[in-house]
Amino acid sequence: MEKRKPRVLFPFTEAGMGHIMPLRSIADTFEKKYGDKVEVVRSQFFTETGNPKLKAVEEKMCEFVKDQNKSGFVGKFSTFAMAFFGTKLDTWACLRVLVPGSKELGVKHMDELDPDIVITTHWATNYYAKSSTKNIKTVVYCPDAHINPLFAYESDLTLISMVDGYEQALKKQKKRFNKDNLKLVPFCIRPEAFDVPTDKKQNRRDLGLDENKFTIVVADGGYGIGRMKAVCEEIIKRDLPVTLIPVCGKNEKLHSHFLSLPVGPNISFKPLGFTDQMLRYIASADLFCGKSGNIIAEPTFFGVPSIITKHATEIERIIANNYVKRAKCAINIFKPKKIVNKIEEFLNDRTELDKMSQNALAIHNHYGAEKSVDLIFDMLCEKYPELRV
């Protein structure tokens with residue numbers, strides 16, 4: 001009987017697009033580079049079995065993310081609780097108390113998938129793999145700016161892209177991390193980002209936009225919950241001479257609301273729902289506005305400055321600090337009228353905006369999943385040295 005190829009599992013978890021997009025980047029790059037040597041398995045982990053308890057876990061995680069974005073108290077309390085209770089208690093509570101009995105089902109499904117190695121961007125699937133009686137190797141890519149307790153749960157290799165988060169983990173979490181099991185890697189942006197033209201005017205022509213008009217993309221994550229509605233309505237009220245593109249994601253109610261709004265003669269208004277052209281629209285923009293999160297990496301990649309309009313959690317505040325204080329390609333403004341005041345400043349004088357754009361482009365090379373993929377493959381080769389042939 002022919003020996004099976006090592007099975008590399010990528011379990012996707014719906015808990016905001018900030019987990020899905022980096023994992024897709026790693027999976028696509030790994031399959032392209034090493035897919036002939038291994039079996040790549042993409043799993044919709046919580047829904048593919050049809051088990052209502054596993055499905056409920058993902059649904060509750062999605063609802064919790066939405067609640068964090070709706071309520072500042074919920075967002076701040078959740079990150080405080082993570083820090084207070086610590087890694088093991090947090091993970092136990094989330095996956096045993098959230099949906100009783102689901103922890104055993106998660107481990108059972110992980111065993112059914114029978115992976116040799118699990119690569120994940122979500123703490124839950126790492127927990128299931130490490131709770132298995134099988135010898136499953138795990139790699140966790142933390143898409144955030146620091147490693148919170150849920151991401152600090154045991155894994156064979158942890159990857160992170162933010163320098164401050166990497167240094168903080170080595171200094172403050174010495175019992176858990178060292179330079180062998182924690183690696184600093186470029187941000188795992190979607191591979192298709194490298195295929196998007198950098199010429200704003202070309203992108204605008206291709207998207208049917210006015211190529212000479214100041215273009216603003218507004219987005220509040222995959223669920224469209226934040227200050228987007230108030231910001232867009234203020235821009236429309238002032239009838240600014242801009243192309244305004246709010247991307248509502250899965251928030252169909254907000255998208256319908258925007259489609260019903262009358263606009264003045266100076267504004268080109270193009271509300272979008274969930275779109276597979278998001279990268280093109282971002283690359284066409286002069287300015288990105290939206291809540292903090294891993295989405296800020298995408299405008300930064302294209303040299304587009306950001307106004308960060310909200311921090312839903314302490315995690316998002318730390319992410320914002322990376323772009324505001326370290327990269328200097330974003331600014332925090334939380335009140336809609338002040339946000340639009342700043343946009344009017346940019347319309348009249350681009351000096352600050354252009355400097356932020358230059359700062360963003362200065363870190364353009366710190367993107368891509370290839371280094372992460374090579375580290376994962378090297379670890380897999382420790383168990384299967386024949387893969388190097």
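Which residue in β3 is the bridge partner of V8? In this predicted model, the partner of V8 is I117.

**Overall composition**

The protein contains 16 helices and twelve strands. Of its 389 residues, 58% count as buried.

Strand β1 covers residues 7-12, and six of the six are buried, so the strand is largely enclosed by the rest of the structure. The cover extends to both faces: R7, L9 and P11 are buried on one side, and V8, F10 and F12 are buried on the other. Two strands pair with β1. Strand β2, residues 39-44, pairs with β1 in the parallel sense over six bridges, and within β2 the bridge partner of F10 is R42. Strand β3, residues 117-120, also pairs with β1 in the parallel sense, over two bridges.

The segment before β1 includes K5. Leaving aside neighbours within four places in sequence, K5 is in contact with G35, D36, K37, V38, E39 and D116. For one of these residues, D36, the C-alpha atom is separated from that of K5 by 9.3 Å, although the two residues are 31 apart along the chain.

**The six-strand sheet**

An open sheet of six strands, with parallel pairing, has the order β9-β8-β7-β10-β11-β12. Its edges are β9 (268-269) and β12 (330-332), each with a single partner strand, so one side of each is left without a neighbour in the sheet. Within the sheet, β7 (residues 214-219) and β8 (residues 242-247) run parallel and are joined by six bridges; V217 has I245 in β8 as its bridge partner. Helix α9, residues 228-238, lies across β7, β8 and β9 and runs at about 160° to β8.

| Strand pair | Residues | Bridges |
|---|---|---|
| β1 and β2 | β2: 39-44 | six bridges |
| β1 and β3 | β3: 117-120 | two bridges |
| β7 and β8 | β7: 214-219; β8: 242-247 | six bridges |

**Helix packing and a buried helix residue**

Two packed helices are described by the angle between their axes and the distance between the axes. Helix α5 (residues 102-113) and helix α6 (residues 123-131) have axes that come within 8 Å and cross at roughly 75°. The two helices are therefore roughly perpendicular to each other. On the α5 side the contact involves S102, K103, G106, V107 and M110, which meet T125, Y127, Y128, A129 and S131 in α6. By class, the residues of this contact divide into five nonpolar, four polar and one charged.

Is N322 buried or exposed? N322 is buried, because its relative accessible area is 11%, under the 20% limit. This residue is placed in helix α13, residues 314-326. Apart from neighbours within four places in sequence, N322 is in contact with M162 and A327.

Methods: Residues are numbered from 1 along each chain as its sequence is written. This is a predicted model: local features need pLDDT of at least 70, side-chain atom pairs count only at pLDDT 80 or more; totals for chains, interfaces and linings use all residues. Side-chain values use heavy atoms; hydrogens and water are left out. Buried means under 20% relative accessible area, exposed over 50%, partly exposed in between (1.4 Å probe, protein chains only). Helices (H or I, at least four residues) and strands (E, at least two) are DSSP runs, numbered from the N terminus. Two strands pair if DSSP finds at least two bridges between them. Axes are lines fitted to C-alpha atoms, for helices over the stretch in contact, and angles run from 0 to 180 degrees between N-to-C directions. Angles under 35 degrees count as roughly parallel, over 145 as roughly antiparallel, 65 to 115 as roughly perpendicular and the rest as oblique. Contact means heavy atoms within 4.5 Å. Ala, Val, Leu, Ile, Met, Phe, Trp, Tyr, Cys and Pro count as nonpolar, Asp, Glu, Lys and Arg as charged, and the others, Gly among them, as polar.
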